[in-house]
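Work through the exercises below with the sequence and the 3D structure at hand. Each task is followed by a solution in steps.

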Amino acid sequence: MVIKIGSGEIDDLSTLNVLDEESLLRELRARYKKGIIYTYIGDVLIAINPFKQLNIYEKQQHDLYKYVQYRNQLTPHLFWVADQAYRKLCLSKRPQCIAVSGESGAGKTESTKLIVSHIIHCSGDAGDRELQNRIIETSPLLEAFGNAQTCMNQNSSRFGKYLQLNFTDTGRIIGAKVYDYLLEKSRVVQHGPGERTFHFFYYLFAGLEKETLEYFYLDDPETYRILKDPCGGKVFPNRSDFKHCRQMFNTHKDIMQRVGFTNEDINMVFTILSAILHLTNIRFSHDDETDGVYIEDEYPLEVVCNLLVLDQEMLTMALISTFNMTKGERVISLKNFDQANDCRDALAKALYERLFSWIVKQINTLLQPNRRYNQTYDKIYRTCSILDMSGFENFQVNSFEQLCINVANEHLQYYFNEHIFLKEEQDYRTEGVSCEKVEFQSNEDLIELFMGTLGIFALLDEESRFPKANDESLVQKFHSHCKNHSRYIKPRGNETAFGIHHYAGKVVYDARGFLEKNRDNLSANLIECMGKSGIELISHLFTMTDGICHSSDIAMSSM
């Protein structure tokens, strides 16, 4: 039987007679028009986001794609990938990993949640149902603190996640662990037009009752710099958005309780978020007498100190000055306006980053392999993991965050090329199977451009060490060292721009803010101030160790 290319009837595109870009895209378009969002290319599943709810993830599909013997008996589906990973784990007793890759907005986060739910379904109902529910609920909980609205995606992951599921030899799930990467902490203090900071800040204002908002000294959301729309719009543009955020607040508060967070833990999360909102509202003015700065309105400073139980004078000095040790003596230097603003924002980002890491650590301890299995399975349990990395991004304005995300995706693409093409060809030659050499575009030279001894990141680190360096001098250094690289672009007429020909296309980066974001240093006296907080959990966040640590536990240990 001959199937015409572009008919939308080919489930596996690796069976096409002509494997070129035009043929692949034509078939994918034809399938998408028929409402078919999944297509195989060998063992790789291609998914096209339909941007609507589909009824293909119900119990019927879970049962249908469980222990699938022959893939071609069923239509392509995400559950097949999950089922294969689980079956191979059980049969080979070797770790398995599913890499979920794609551009921002492609549907990676939702796909990851569906994969986890199907793997848990495949592992059977005999396991710890409470534990299984906890594992499923960790994804939306982390989204609330690690996702945000961007110009491309209403629920964009602003961090990378590697979820490791732990199983016994018999395939019974006994625990899980989350690894987080590349949290976009700069979003705490700055976001572009049409974008937002992390979701939970908005959930807080919509979900807390008036009396509780007053307890945290919180006013209208428009009062806070980091929530304001750069275009002057309302924080909640309409009533439906407010109602959605209120519903999400209640949902995620319930999830935190079910996962195992105590009321003291949850209250501390609210406290730190509130402190960040007030901290970033501190404004500085130039002091003509000292040639340093002073704080214009001390109210937000007082609130931060009350919430985090800090010494107000000590925090003030840490924000407007720094010290260095010279010949055993402490020498104090006053900060200028830009340095004070950078210091304030660095503290806000550090607080949020440490809070996020603490939430992940709490989750990991609460999801660790059940203690009754520890003696037998602590070191020999099997793992099946899912990598959900922030997708390739090319916005209207691309900054340091997009550079880091896109380089991470370059590494993922390099890994993909190595395993799908080079190692497959090597296996064919080893087994004496004849095959035509597949031509593909290697991105090894791009990895070298970024990671080499004179690559972009090395040059960025070098320039960050010079106090008088600026973003223009950084870009000039890029131009000087990288101009002859075939993948590097030197745009005309823009002193802070440079471009890269990525595997996914050309991206022009705006280097304004690169040095400040890369330095992101907290002064020694600021760390010292936070370490002396009257709330031990706050000082713990700046010297965090592994293991669970409830607010009540710290209070008990300090009595």
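**Exercise 1.** Leaving aside its neighbours within four places in sequence, which residues is Thr109 in contact with?

Solution. The model is a predicted one.
Step 1. Find Thr109 in helix H4.
Step 2. Leave out the neighbours within four places in sequence; Thr109 is then in contact with Glu143, Asn147, Ser157 and Asp388.
Step 3. Classify the residue. Buried means under 20% relative accessible area. Thr109 has 12% relative accessibility, so Thr109 counts as buried.

**Exercise 2.** In what order do the 4 strands of the open sheet stand? Then find the edges and the helix that packs on the sheet.

Solution. 
Step 1. The order is E3-E12-E6-E7, and the pairing is mixed.
Step 2. Strand E3 (96-100) and strand E7 (173-181) each have a single partner strand, so they stand at the edges and one side of each has no neighbour in the sheet.
Step 3. From one strand to the next, the twist averages 15 degrees.
Step 4. Strands of a sheet pair through backbone hydrogen bonds, either parallel or antiparallel. For strand E6 (residues 160-167) and E7 the sense is antiparallel, over 8 bridges. Tyr162 stands opposite Tyr179 in E7.
Step 5. Helix H5 (residues 129-146) packs on the sheet and touches E6 and E7. The direction of H5 makes about 15 degrees with that of E7.

**Exercise 3.** Is Ile98 buried or exposed? Then list its contacts.

Solution. 
Step 1. Ile98 lies in strand E3.
Step 2. The relative accessibility of Ile98 is 8%, so Ile98 counts as buried.
Step 3. Not counting residues up to four places away in sequence, Ile98 touches Val81, Ala82, Ala85, Ile115, Ile119, Ser385, Ile386 and Leu387.
Step 4. For a distance along the chain, take Lys228, which is 130 residues from Ile98; their C-alpha atoms are separated by 38 Å.

**Exercise 4.** How many residues does the largest nonpolar core have? Then look at one of its members.

Solution. 
Step 1. The largest nonpolar core has 114 residues. Those with the most contacts inside it are Ile119, Phe145, Phe201, Phe261, Leu315 and Leu319.
Step 2. Helix H12 (residues 337-366) supplies the largest share of this core, 15 residues.
Step 3. Ile119 is in contact with Ala82, Tyr86, Ile98, Leu165, Phe167, Cys384 and Ile386, leaving aside neighbours within four places in sequence.
Step 4. Another core, of 25 residues, lies apart from it; among its residues are Phe450, Leu460, Leu474 and Cys482.

**Exercise 5.** How many residues of helix H6 (residues 199-207) are buried? Then state what covers them.

Solution. 
Step 1. In H6, 9 of its 9 residues are buried, and the helix is mostly covered.
Step 2. The buried residues include His199, Phe201, Tyr203 and Gly207.
Step 3. The cover over the buried residues of H6 includes H5, strand E4 (147-148), helix H7 (210-215), helix H8 (239-259), helix H9 (263-279) and H12.

Technical notes:
Residues numbered from 1 in each chain as written. Predicted model: local features only at pLDDT ≥ 70, side-chain atom pairs only at ≥ 80, totals over all residues. Heavy atoms only, no water. Pairing = 2+ DSSP bridges. Helix = DSSP H or I, 4+ residues; strand = E, 2+ residues; numbered from the N terminus. Axes fitted to C-alpha atoms, helices over the stretch in contact; angles between N-to-C directions. Contact = heavy atoms within 4.5 Å. Core = buried A, V, L, I, M, F, W, Y, C linked by side-chain atoms within 4.5 Å. Buried < 20%, exposed > 50% of the residue type's maximum accessible area, 1.4 Å probe, protein only.
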